[in-house]
Amino acid sequence: MLGKIAFEAMDKAREDLEAASLKMWEKPEGPFKEFIACDITCELLEKYGFKVEKGLFGVPTSIRATWGSGHPRIGLLGEFDALPGLSQKVSTKQEPIEGQTYGHACGHNLLGLAHVGAAIGLKAEMEANNLPGTIVFYDCPAEEVLTGKGYMARGGAFKDIDLCIAFHPATMNAVSTGSSNALNNAKFHFRGVTAHAGGDPHNGRSALDAVEIMNVGANYLREHVETDVRIHYVITHGGTAPNIVPDYACVWYYVRAPKREKVEDTYKRLCKVAEGAAMITGTTVEIEYMGGCYNTLNNKVLAEVALEAMNEVPRNEYTKEEIEFARQLNETKKEQLDAIRKRFNIPADAEIHEGVAPMQNISGGGSTDVGDVQHMVPGIMVRTACYNVGAPGHSWQITACSGHSIGNKGMHFAGKTMALFGLKVIENPEIYKKAKAEFDEFMGGKGYVCPITPDLKIPE
């Protein structure tokens with residue numbers, strides 16, 4: 001049976017994978033600072049016989065691990081960063097961990113190691129049956145700020161793969177052909193002249209006024225962009241006291257849209273709004289472009305193979321304790337729970353999703369830099385249930401489940417799905433040919449243009 005050797009190897013590695021996942025969960029790290037997670041992952045890959053390279057492409061916490069030779073060259077896209085302000089104990093009540101500033105509220109401790117598990121399983125079956133092909137595992141930092149893979153791509157990553165598969169923890173087991181949004185990310189720094197706000201305001205030039213006028217202009221701009229464009233912002237600095245005309249203010253913007261071209265067009269218009277606000281207020285503006293990412297481009301041919309694999313992998317069985325843990329978490333979001341179950345056709349009494357959803361074509365408003373790689377080679381993303389059905393995105397509930405056995409079971413299910421996907425691609429070369437033809441047709445001769453410009457430096 002295809003996958004039997006891979007699954008057995010992954011079951012043997014289960015203890016190592018779970019121990020590594022827990023270590024990462026206990027020591028969550030922010031973007032481009034994932035040094036502990038990087039070392040944990042490298043040690044595990046070396047133990048299982050991979051050639052491991054760390055800190056390539058000008059990105060200190062990047063990893064590339066390889067095994068095998070020839071084609072297809074299958075890319076596995078891991079991640080391991082965490083989110084600020086979302087530390088949490090393994091508890092059904094919100095209980096932050098004292099002194100911990102980050103938390104795995106997106107389950108990236110599970111995400112990266114699911115791909116490691118897939119690599120271990122693939123290698124075992126390929127080695128046993130002398131199968132052709134190369135496993136190329138990439139672990140990528142800073143997905144939460146949407147630039148890690150872009151920085152890696154700028155440095156030459158992902159050029160050595162034919163196709164890629166990515167996994168993300170979720171509330172259900174599913175494969176989707178929908179897409180996420182492309183994005184640009186920038187801070188607008190306005191500088192004016194300070195003055196006494198009561199005594200001589202006429203001598204001041206308020207940087208805060210410029211920020212507020214920019215925001216008004218951006219809100220009017222919304223009327224004249226397509227309805228699927230998103231513009232959102234926060235004021236990061238607005239002054240120090242009401243009686244001082246602020247000589248510095250800053251506003252931070254995200255621009256999102258389903259296509260990279262729309263993002264770039266809207267971003268250019270937003271920059272003109274900022275320049276206009278500076279002219280109106282007699283201030284100056286410095287635009288700090290911080291990078292961006294592409295929309296995802298999930299390949300339909302690969303999606304069918306991934307869904308087939310997911311349906312063939314043995315399903316998770318949950319203990320009474322796990323179900324009760326999920327039930328108590330779901331109780332905190334009871335109002336939305338029925339709507340979620342109805343929307344995704346999940347059984348009304350399900351606390352954790354145990355089935356496999358039919359193929360979906362659901363596009364989301366969020367973004368991920370997986371889209372960058374999917375504009376370089378054909379790719380697909382799968383999702384598995386790693387937390388309770390009602391868990392909101394980027395929440396303490398996800399942090400709790402990511403350190404719980406519920407998360408571990410979703411991690412192993414994802415790893416086996418990706419391993420079997422890889423074996424199916426190796427077994428049937430026509431899959432790659434068809435996937436590449438679909439990719440080429442969609443791209444229409446256009447190439448990937450990295451959103452991380454040459455002048456950008458990795459944030460310190």
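Asp228 is partly exposed, with 27% relative accessible area. In this predicted model, the side chain of Asp228 forms a salt bridge with that of Lys262, at an N to O distance of 2.8 Å. The two partners belong to distant parts of the chain, 34 residues apart. Lys262 is found in helix α7, which spans residues 260–281, while Asp228 sits in the loop between α6 (207–221) and β10 (230–237).

Helix α7 also contains a pairing of its own. Glu264 and Arg260 are joined through their side chains by a salt bridge of 3.5 Å, N to O. Because these two residues are 4 positions apart in helix α7, about one helical turn separates them. Their surroundings may be described by accessibility. Arg260 has a relative accessibility of 5% and therefore counts as buried, the cut-off being under 20%. Glu264, by contrast, is partly exposed, with a relative accessible area of 36%.

The structure as a whole holds 22 salt bridges, among them one between Arg64 and Asp160. In that bridge, the closest N and O atoms are 3.3 Å apart. Arg64 lies in strand β2 (residues 63–69) and Asp160 in the loop between α5 (148–154) and β7 (163–170), so the bridge ties together parts of the chain that are 96 residues apart in sequence. Arg64 counts as buried, at 19% relative accessibility, and Asp160 likewise counts as buried, at 18%.

Is Thr41 buried or exposed? With a relative accessible area of 0%, Thr41 is buried. A polar atom of the Thr41 side chain lies 2.8 Å from the backbone oxygen of Ala37. Which residues does Thr41 contact, once its neighbours within four places in sequence are left aside? They are Met24, Ile63, Phe80, Val116, Phe137 and Asp139.

Lys262 and Asp228 link distant parts of the chain, whereas Glu264 and Arg260 are both in helix α7.

Notes
Residues are numbered from 1 along each chain as its sequence is written. This is a predicted model: local features need pLDDT of at least 70, side-chain atom pairs count only at pLDDT 80 or more; totals for chains, interfaces and linings use all residues. Side-chain values use heavy atoms; hydrogens and water are left out. A salt bridge is a side-chain nitrogen of Lys or Arg within 4 Å of a carboxyl oxygen of Asp or Glu. Buried means under 20% relative accessible area, exposed over 50%, partly exposed in between (1.4 Å probe, protein chains only). A polar contact is a pair of N or O atoms within 3.5 Å; within protein, one must be able to donate a hydrogen and the other to accept it, and residues adjacent in sequence count only if both atoms are side-chain atoms. Contact means heavy atoms within 4.5 Å.
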